[in-house]
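Here's a quick tour for anyone opening this model for the first time. Have a look at the sequence and the 3D view, then read on.

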Amino acid sequence: MAETKMNFEAILGEIRSFVQKELYPLEPVFLQQGFHAVEEQVQAKRELVKAHGWWAPPIPREYGGMGLGLTDFARLSEVLGLSLLGHLTFNCQAPDIGNMELLLEVANAEQKERYLVPLVRGGIRSCFSMTEPMHAGSNPLYMSTTAVKDGNDYVINGHKWFTSSHEGSAFAIVMAVTDPTAAKMHQRASQIIVPTDTPGFRRLRNIKIMGEEGQGYFTDAEVVYENVRVPRSNLLGREGEGFALAQMRLGPGRIHHCMRWIGICERAFDLMCRRAATRELAPGKLLAEKQAVQHWIAESRAEINAARMLVMDAAQKLDSSDSYAARVEISLIKFFVANVLDHVLDRAIQVHGGLGITDDTMLAFVYRRERAARIYDGPDEVHKSAVARQILKEYGVNISI
Ligand SMILES: Cc1cc2nc3c(=O)[nH]c(=O)nc-3n(C[C@H](O)[C@H](O)[C@H](O)COP(=O)(O)OP(=O)(O)OC[C@H]3O[C@@H](n4cnc5c(N)ncnc54)[C@H](O)[C@@H]3O)c2cc1C
């Protein structure tokens with residue numbers, strides 16, 4: 001046991017060096033010219049990662065992954081989060097990793113062979129299509145997309161947006177209503193696999209996020225499903241299980257995201273300290289000598305450390321129970337860490353002055369891109385209310401949603 005732990009520490013150290021040595025140098029080109037400019041190099045790094053045996057870390061070995069448990073992958077996710085290209089290069093990027101975990105859990109043998117195996121190998125990418133422009137995504141019980149049975153097929157019609165990474169994906173997992181009359185709202189929808197080249201499945205646009213359309217993996221699409229016909233065998237799990245499956249993927253997904261954000265915080269923190277320690281306000285007068293900067297450094301250190309401990313606590317609870325039992329811990333980390341990320345990035349940018357809002361460092365890119373952390377996978381307010389509801393139950397107050 002102690003030896004395994006030591007081995008893992010050593011592997012983490014090697015991967016950290018790899019991220020710094022192999023991926024950091026790609027970032028300036030990525031930041032200035034976009035993802036396509038580094039795509040080939042990322043592909044070459046992915047082959048190196050495979051050769052090291054670090055591929056698809058949380059996926060079982062029999063599928064070609066590293067077979068890491070949730071807590072070990074959480075720690076690795078922080079290290080990969082240090083680089084903008086970390087998770088993608090190790091084939092554990094959202095939404096693919098969530099789709100892989102879901103397929104592992106619920107796909108049948110044929111679905112695994114056709115979709116999971118190539119996804120784990122890294123030959124294809126995928127996306128997840130639930131949110132709709134006309135309905136509140138924070139309460140996805142209400143949706144208009146339908147999948148109607150017709151012979152051996154489902155015919156899907158609907159309009160979705162924020163289908164992240166649709167560009168370049170081979171398939172989507174779509175959430176659609178299969179039984180609009182089910183007495184329980186959460187049993188109305190199902191999850192269905194839709195190859196992206198199916199006639200009628202169209203991307204309307206890559207949505208500009210904070211001024212950027214992005215490229216390839218780094219995009220968020222608005223899509224329509226117009227009489228999209230797929231075989232009924234593309235249903236994941238059973239009809240009406242859509243929300244149960246969504247919950248299943250969200251527990252581990254939030255641990256991955258939070259630890260990735262902590263990796264970003266550590267990178268921003270390092271940049272902030274380096275800048276403070278080298279920028280001279282006047283000859284011999286360092287920025288680091290200013291009390292405001294010292295406080296930002298101390299506050300950031302405390303917040304990042306606290307965030308990490310909270311996430312590891314949630315990961316351990318999730319590892320030994322399930323998403324439902326760990327729901328309070330998962331909601332706590334979701335809003336807490338997203339806000340730590342927000343604060344740390346903001347302080348790091350402030351310390352950099354004008355440089356902070358250029359793309360000459362990674363700060364502005366993540367500041368733009370990760371503002372969404374407080375919105376996706378449940379906005380802050382939803383998680384705070386969820387936590388408070390559970391706590392208040394202990395005080396005899398039952399608040400309905
Ligand atoms: C960058 C990005 C990537 C995404 N990727 C995907 C993806 O791959 N697939 C996918 O299906 N979806 C994706 N989403 C969608 C995401 O899950 C939704 O944006 C999110 O669930 C919020 O839904 P909404 O945007 O419709 O906001 P709304 O539901 O309209 O909520 C708006 C605001 O209202 C407030 N609010 C909502 N509910 C409550 C409440 N109960 N109590 C108090 N205040 C409340 C919050 O402040 C919230 O921000 C992505 C979103 C972003 C920004």
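Helices (H or I, at least four residues) and strands (E, at least two) are DSSP runs, numbered from the N terminus. What you're looking at is a predicted model, so local features need pLDDT of at least 70 and side-chain atom pairs count only at pLDDT 80 or more, while totals for chains, interfaces and linings use all residues. Residues are numbered from 1 along each chain as its sequence is written, and side-chain values use heavy atoms, with hydrogens and water left out.

**Around the ligand**

- The ligand has 18 residues around it, and the closest are T131, G137, S138, F162 and E381. A residue is near a molecule or strand if one of its heavy atoms lies within 4 Å of it.
- Sorted by class, that shell holds 9 nonpolar, 6 polar and 3 charged residues. Here Ala, Val, Leu, Ile, Met, Phe, Trp, Tyr, Cys and Pro count as nonpolar, Asp, Glu, Lys and Arg as charged, and the others, Gly among them, as polar.
- Polar contacts are pairs of N or O atoms within 3.5 Å; within protein, one must be able to donate a hydrogen and the other to accept it, and residues adjacent in sequence count only if both atoms are side-chain atoms.
- A polar backbone atom of M130 sits 2.8 Å from an oxygen atom of the ligand.
- The side chain of S164 has an N or O atom 2.8 Å from a nitrogen atom of the ligand.
- For E381, an N or O atom in the side chain is 2.7 Å from an oxygen atom of the ligand.
- On its own the ligand exposes 970 Å², and the protein buries 66% of that. Accessible areas come from the Shrake-Rupley method with a 1.4 Å probe; for residues, only the protein chains shown count as cover.

**Salt bridges**

- Searching the whole structure turns up 25 salt bridges. In each, a side-chain nitrogen of Lys or Arg is within 4 Å of a carboxyl oxygen of Asp or Glu.
- One of them joins R368 and E212, whose closest N and O atoms are 2.3 Å apart. R368 is in helix α11 (residues 363-370) and E212 is in the loop between β6 (201-206) and β7 (220-231), so this pair ties together parts that are 156 residues apart in sequence.
- E212 counts as partly exposed at 29% relative accessibility. The cut-offs: buried means under 20% relative accessible area, exposed over 50%, and partly exposed in between (1.4 Å probe, protein chains only).
- R301 and E266 form another salt bridge through their side chains, at 2.6 Å from N to O. It links distant parts of the chain, with R301 in helix α9 (residues 291-320) and E266 in helix α8 (residues 242-278), 35 residues apart.
- In that pair, R301 is partly exposed at 27%, whereas E266 is buried at 15%.
- Salt bridges also link E78, E266, R301 and R308 in a network.
- The R274 and D270 side chains meet in a salt bridge too, at 2.8 Å from N to O. These two are 4 residues apart in helix α8, so about one helical turn separates them.
- R274 is exposed, with 55% relative accessible area, while D270 is partly exposed at 34%.

**A nonpolar patch**

- I391, L392, Y395, V397 and I399 make a nonpolar surface patch of about 460 Å². Patches are made of residues with over 30% relative accessible area and no salt bridge: like charges are joined within 9 Å, nonpolar side chains (Val, Leu, Ile, Met, Phe, Trp, Tyr) within 5 Å.
- Y395 is in the segment after α12, and at 64% relative accessible area Y395 is exposed.

**Backbone details**

- The peptide bond from A94 to P95 is cis, with omega near 0°. P95 is in the loop between α5 (86-89) and α6 (96-106).
- F162, in strand β3, has a positive phi near 55° although this residue isn't glycine. F162 is partly exposed at 37%.
- M210 has a positive phi as well, near 45°, and isn't glycine either. M210 lies in the loop between β6 and β7.
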